[in-house]
2 protein chains.
Amino acid sequence: MPRSAPARAPITSPAAATVFTTVLTEGPVSRVDVARRTGLSSAAVTKAARPFIEAGYLEELASEGRTAPGAGRPANPLAIRPDREYFVGVKITGDDLIGVVTDLRADVRASAHHALTSHGVEHVVQALADLVGELLSGHLRERAYCLGVAVSGDVDRASGVVRYSPFLGWRDVPLASLLEDATGLTVTLENDVKALAVAEQWFGEGVGASSFALVTVGTGIGSALVVNGDLVRGAHGVAGEIGHVPVADGGPSCHCGGRGCVEAIASTEAILTHARQVTGEPGLSMDDAVTRARGGDEPLREVFAAAGHAIGLGLAALVNLFGPERVVVSGEGVATYDLFEDQIRRTFAVQAFGSAARCGLVIRPLPFEEWARGAAAVAVQSLFVSDTV
Amino acid sequence: MPRSAPARAPITSPAAATVFTTVLTEGPVSRVDVARRTGLSSAAVTKAARPFIEAGYLEELASEGRTAPGAGRPANPLAIRPDREYFVGVKITGDDLIGVVTDLRADVRASAHHALTSHGVEHVVQALADLVGELLSGHLRERAYCLGVAVSGDVDRASGVVRYSPFLGWRDVPLASLLEDATGLTVTLENDVKALAVAEQWFGEGVGASSFALVTVGTGIGSALVVNGDLVRGAHGVAGEIGHVPVADGGPSCHCGGRGCVEAIASTEAILTHARQVTGEPGLSMDDAVTRARGGDEPLREVFAAAGHAIGLGLAALVNLFGPERVVVSGEGVATYDLFEDQIRRTFAVQAFGSAARCGLVIRPLPFEEWARGAAAVAVQSLFVSDTV
DNA sequence: ATAAATTCTTGACGAAGTTAATTAAATCTC
DNA sequence: GAGATTTAATTAACTTCGTCAAGAATTTAT
């Protein structure tokens with residue numbers, strides 16, 4: 001019997017999307033279990049799952065011994081087949097392109113970098129297309145259809161336009177369509193921090209939480225919020241600017257024009273300035289400051305503690321306003337998070353209001369490839385168009 | 001042909017709810033217009049609207065001249081019949097009960113007060129039932145089925161339980177079911193600030209905005225947020241605590257245990273304390289302080305400006321984090337908002353980040369009956385159970 | 001008058017998911 | 001160890017909701 005080529009992820013109805021995302025994000029689950037968790041009938045799950053199995057996206061595991069105690073037919077859990085499709089994710093920074101290929105679970109399978117010698121749109125598009133070509137050499141190519149791209153700044157995901165990127169100096173660049181022409185892939189564009197939040201929501205700490213926040217600390221300080229299962233986009237394209245939450249009235253002035261912003265105290269640059277001030281060494285490097293602080297240099301430890309304090313205050317503001325279930329704080333660059341963590345937690349504990357303090361606080365480093373993985377997660381999510389838009 | 005009694009609001013399907021809310025909140029609209037705004041087919045609108053017309057909730061207006069230029073059959077707009085059903089709203093404070101009866105549009109038709117002589121649950125329930133009886137004397141009674149109750153503190157709307165009310169000293173009181181027994185009405189319980197936000201979302205500044213915030217300034221400082229059309233509830237029941245956003249590192253300590261909270265600077269009590277300090281008159285009353293500030297007393301004006309500044313910083317934090325389309329700041333009590341307004345706007349303009357500053361800022365007084373109206377709006381919204389929960 | 005434009009209604013149809021009955025595969029009980 | 005019990009999965013009939021396409025209604029334009 002000749003078999004026609006199996007279809008791409010057959011997401012044809014809300015129920016299909018629900019079932020597929022449930023299995024994708026919550027690991028192997030039996031059909032009844034999916035039904036219980038989603039509120040669908042078990043008949044609906046059976047129907048929705050079949051096309052995915054036929055198309056190779058899901059498989060039925062053999063019942064592995066007893067799961068629940070007692071009698072009853074053992075379950076045949078549904079599991080994702082991660083290798084059924086690959087996704088490309090690229091993060092564009094001011095200096096380079098970071099690219100990864102991931103599977104359906106957003107696990108990284110390949111990665112590559114590419115320096116950017118110019119910020120011209122054409123140059124970036126070409127470099128990105130080259131990078132994608134490089135990443136997709138070999139067997140990955142046949143099963144990759146989607147590309148996710150993450151850029152910092154004001155990005156309109158729906159239209160695929162970079163409205164404003166300070167780093168690149170771009171305004172209103174229709175990057176998604178340019179890249180579709182250049183690569184032949186379906187392209188989804190997203191703000192970089194929001195992309196990270198998507199990765200976290202689907203494949204990380206955010207799984208199962210209807211609201212959570214992701215905070216990134218580094219050159220800038222940003223965040224993305226998920227409320228009631230939806231990413232907060234901001235009516236005017238701005239949201240999650242925890243870096244510009246004012247926490248120290250009359251504090252240092254910030255490049256945004258305000259004063260006492262979290263970023264004016266706790267960004268890498270602000271910390272370095274402060275460290276040079278404290279030590280009286282204008283040539284002090286960040287690496288040295290970190291090393292000495294780790295070694296026990298009290299004045300320098302104070303500098304990092306002050307930054308941690310400011311971040312803790314910003315977190316408290318965020319948590320008191322939104323009351324998320326969980327917050328992930330992720331630190332870029334030199335992984336200095338060990339120097340902040342204590343102070344962040346202490347300040348947060350003092351300033352979080354009532355039971356908002358029960359919110360889980362995860363603090364961990366942020367390998368720079370993670371940004372590209374976020375972009376890939378956005379590409380995975382783009383399978384569910386009707387759901388997301 | 002004998003006609004059976006018309007049914008209560010026949011909200012039987014998502015489309016029915018959509019059509020009814022659209023007509024309710026967006027005034028008279030033609031069917032095609034409803035279809036365009038909601039994405040439904042015009043056939044679906046026709047079908048969904050009919051039962052509402054039959055039950056007396058909607059009516060069809062005669063085509064009033066040309067609305068659009070050019071040819072074509074003139075539209076027969078659908079309009080709400082506000083008197084079809086009445087709603088009772090009661091706000092419980094520490095000292096008294098404030099009650100109103102409104103129509104479907106949440107316009108107040110009757111109001112009454114009732115002093116509370118005790119905080120005992122039974123006493124409050126009895127007093128509230130009496131108040132409702134008083135409010136519903138006369139013709140309003142026959143068409144009132146729903147009661148909304150607003151209480152400050154941690155309130156679980158879904159289960160109708162007051163989890164914690166500092167003012168009343170209550171914990172885990174199943175107020176909704178107690179009141180259903182006492183009044184015979186369907187009772188919906190909601191946090192007071194969230195109730196105000198619901199009133200605003202459906203019948204005020206929030207109409208048509210997918211995200212906005214409501215901030216109340218008075219004894220306490222609170223807020224409620226609507227994001228993507230949904231009220232933010234907070235994973236642990238806490239959200240919108242703008243009063244406890246830290247804006248002044250090292251500032252005055254707050255009863256919550258933190259320091260530099262907005263409420264520690266701009267609550268009525270904090271202002272009074274500060275005013276007494278500045279003038280050196282420990283017996284100074286709020287009314288006097290307000291009068292003298294309005295009269296031009298500079299040190300006292302400074303006190304109010306400082307409060308406005310703190311509120312402006314809190315607003316900036318809120319807006320930078322979630323980028324609402326609009327913010328309503330509403331001032332309780334002595335309507336001192338005229339003394340804050342300027343400073344709030346100035347500080348906000350400086351600290352709001354980028355285009356987040358484009359968010360509309362409405363500052364206006366908050367008559368205390370408004371709280372009860374919020375409760376009534378929640379009762380109106382409770383018609384749409386499947387939609388809201 | 002006739003044509004064109006626009007609103008509203010109607011009935012057939014189709015998609016999606018539910019209920020209820022059935023089959024399947026295990027453990028429990030005597 | 002045979003039948004009862006329990007849980008999982010499937011199947012088929014049915015319900016519900018909303019769309020589509022066609023047409024009726026009511027206006028302006030020519």
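**Reading a predicted two-chain model**

Chain A can be laid on chain B with an RMSD of 0.1 Å by a turn of 180 degrees and a shift of 0.0 Å along the axis. That is the relation of a two-fold axis. The same surface serves both copies, as 98% of the contact residues of chain A recur in chain B. This is a predicted model, in which local features need pLDDT of at least 70 and side-chain atom pairs count only at pLDDT 80 or more, while totals for chains, interfaces and linings use all residues. Residues are numbered from 1 along each chain as its sequence is written, and chains are lettered from A and ligands numbered from 1 in the order in which they are written.

Q: How is chain A laid on chain B?
A: Copies are superposed by least squares on the C-alpha atoms of residues with pLDDT of at least 70 in both. Here the turn is 180 degrees and the RMSD is 0.1 Å.

Q: How many residues of chain A are in contact with chain B?
A: Two residues are in contact if their C-beta atoms, placed from the backbone, lie within 7 Å. By that rule 43 residues of chain A are in contact with 42 residues of chain B. Helices (H or I, at least four residues) and strands (E, at least two) are DSSP runs, numbered from the N terminus. On the side of chain A that touches chain B, β12 (221-227), α10 (298-322) and α11 (337-351) each supply at least two residues. The most comes from α10(A), with seven residues.

Q: Which classes of residue make up the side of chain A that touches chain B?
A: Ala, Val, Leu, Ile, Met, Phe, Trp, Tyr, Cys and Pro count as nonpolar, Asp, Glu, Lys and Arg as charged, and the others, Gly among them, as polar. That side of chain A divides into 23 nonpolar, 15 polar and five charged residues.

Q: At what angle do α1 and α3 of chain A cross?
A: Axes are lines fitted to C-alpha atoms, for helices over the stretch in contact, and angles run from 0 to 180 degrees between N-to-C directions. Angles under 35 degrees count as roughly parallel, over 145 as roughly antiparallel, 65 to 115 as roughly perpendicular and the rest as oblique. In chain A, the axes of α1 (residues 14-25) and α3 (residues 42-54) come within 9 Å and cross at roughly 75 degrees. That makes α1(A) roughly perpendicular to α3(A). From α1(A), Ala15(A), Ala16(A), Val19(A) and Phe20(A) meet Ala44(A), Val45(A), Ala48(A), Ala49(A) and Phe52(A) of α3(A). The residues of this contact are nine nonpolar, no polar and no charged.

Q: Which residues of α9(B) meet α10(B)?
A: The axes of α9 (residues 286-294) and α10 (residues 298-322) of chain B come within 8 Å and cross at roughly 110 degrees. That makes α9(B) roughly perpendicular to α10(B). Ala289(B), Arg292(B) and Ala293(B) in α9(B) meet Leu300(B), Arg301(B) and Phe304(B) in α10(B). By class, the contact has four nonpolar, no polar and two charged residues.

Q: Is Val262(A) buried or exposed?
A: A residue is buried if 20 or more other C-beta atoms lie within 10 Å of its own, exposed if 12 or fewer, and partly exposed in between; C-beta atoms are placed from the backbone. Val262(A) has 32 C-beta neighbours inside 10 Å, so it counts as buried. Val262(A) lies in helix α7 (residues 262-266) of chain A. Its contacts, leaving aside neighbours within four places in sequence, include Ile221(A), Ile242(A) and Gly314(A). Val262(A) and Gly314(A) are 52 residues apart in sequence and 6.5 Å apart in space, C-alpha to C-alpha.

Q: How many residues of α6(B) are buried?
A: 11 of the 12 residues of α6(B) are buried, so this helix is largely enclosed by the rest of the structure. Among them are Asp192(B), Lys194(B), Glu200(B) and Phe203(B).

Q: What is the phi of Asn228(A)?
A: Most residues other than glycine have a negative phi, and most peptide bonds are trans. Phi of Asn228(A) is near 50 degrees, a positive value in a residue other than glycine. Asn228(A) lies in the loop between β12 and β13 (230-231) of chain A. With 14 C-beta neighbours inside 10 Å, Asn228(A) counts as partly exposed. In chain B, Asn228(B) has a positive phi of about 50 degrees although it is not a glycine.
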